[in-house]
Amino acid sequence: MSPEYIAVLMFGLLVTGLFMGHPLAFVLGGTAVLTAIIAGKPMVLGIVINRIFGDVLDNYTLIAIPLFVLMARFLSDSGVTDRMFETLRLLLSRVRGGLALAVVFISILLAATTGIIGASITVMGVMALRPMLQYGYAPTLTSGVIAASGCLGILIPPSIMLILMASYSPLSVGELFAGSMIPGVLLGLSYALYVYIISVLRPDLAPSVEPDEKLSRGELLRMLVVEAMPPLALIFGILGSLLAGIATATEASAIGAALALLIVIIRRKFTLATFYSAMLETGRTSAMILFIVVGATAFTGVFNITGGLRATQELIRALDMDPWMLITMMLFVVFILGAFLDWTGIVLLSFPIFLPIIQEMPDVSLLWFVVLMAVVLQTSFLTPPFGYALFYLRAIAPPEVRTGAIIRGVLPFICLIVIMCLLVALFPSLVIWLPDVLYTK
């Protein structure tokens, strides 16, 4: 069987399996096995198994994934977020759209301490969804700002997605963390700016909230500083040690998990039941990610050995496009895939095809392209029909918040992500400047 037919066969089986509703990990692995048998090359499965155990599961960078998941769970159990949101809500009560702004600012801070989308959206949804609806906020704005802001954790470091991207590219975790820092924070601030502008232009979507006069602004500021100290110490411990070169990504994740556990103990929230629950959730989440990694490794291994990868790359090169058009096409493919696959599958399937072609382009920074791709992948959580943020929010939203309102609510934020992609594309220094400062000797 020719490599071209193998490429068509594998992607056809992949799409068929996904639309039948099977889990991504098993679809990827099953496609690899079936293709090897149909192509008459079952011997390649032995090579793939050696690669899985020798290269992938022996990659120490991936140890950071369960440690960051554990850190996120500990921070959620500490109750820091609840107190910070309440303080910020009171502080911004005099500002138009203050509740929505509080959601954005807390989500930015959560993104810099968790990197787990499900945890961020669930925490913010439980805390902010009903109060915003009770104060008369529109369901579209309420659901949109919670879903979009909760997704910032895959772009603002420390991010599990960036760790996986680094392990499958020539880039280091520190470079990716530094490169995505400015675009991630700017995207969060653009959400806040949009919320404020829409609140001023459409006060019916975000009505004024009567301020609480029991506490003065100075007292609220002091409360906010006190409540912000633990997560800020956590951020400094992780990113400070990593970007300064004191610790590797794995060591920084261990520092983060230890500091998060210390915060839980200091705030007297530690119990054996919550500790067991945190360990159980960490095991489930890590196993899910690593199963997808194993399945995708099998898929790309068979795809590569049987010639499908080379045929696909040659087809892209044969298009003879200008570099900017080719990059635009790649990012558009990632955007479309985001409506049907999660970020793990997209990264593991697209990196082996795209990155070698990008590395051949003169004057194109690989770091810039990977961060640009990470910005685009923000949309994968928001685009229907399989946007994970939509499902997380639907699970905790009251019945009066319709699914259609949730989808309409995220559309403006998808547009903001596209605008941020254009800014990063036009101004590569947003990505390259901080890594150059930290890593240029």
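Biologist: Is F11 buried or exposed, or something in between?
Modeller: F11 has a relative accessible area of 32%, so F11 is partly exposed. Buried means under 20% relative accessible area, exposed means over 50%, and partly exposed lies in between (1.4 Å probe, protein chains only).

Biologist: Before we go on, what kind of model is this?
Modeller: It is a predicted model, in which local features need pLDDT of at least 70, side-chain atom pairs count only at pLDDT 80 or more, and totals for chains, interfaces and linings use all residues. Residues are numbered from 1 along each chain as its sequence is written, and side-chain values use heavy atoms, leaving out hydrogens and water.

Biologist: How many aromatic pairs does the structure hold?
Modeller: There are 10 aromatic pairs. Rings of Phe, Tyr and Trp (its six-membered ring) pair if their centres lie within 6.5 Å; planes under 30 degrees apart count as stacked, over 60 as edge-to-face and the rest as tilted.

Biologist: Why is the pair of F11 and F303 edge-to-face?
Modeller: The planes of F11 and F303 stand at 90°, so the pair is edge-to-face, with the ring centres 5.4 Å apart.

Biologist: And F303, buried or exposed?
Modeller: F303 is buried, because its relative accessible area is 3%.

Biologist: Which residues form a cluster with F303?
Modeller: F11, F299 and F303 form one aromatic cluster.

Biologist: Changing topic, why is the pair of F19 and F340 tilted?
Modeller: The planes of F19 and F340 are at 50°, so this pair is tilted; the ring centres are 5.9 Å apart.

Biologist: Is F19 buried or exposed?
Modeller: F19 counts as exposed, at 58% relative accessibility, whereas F340 is partly exposed at 37%.
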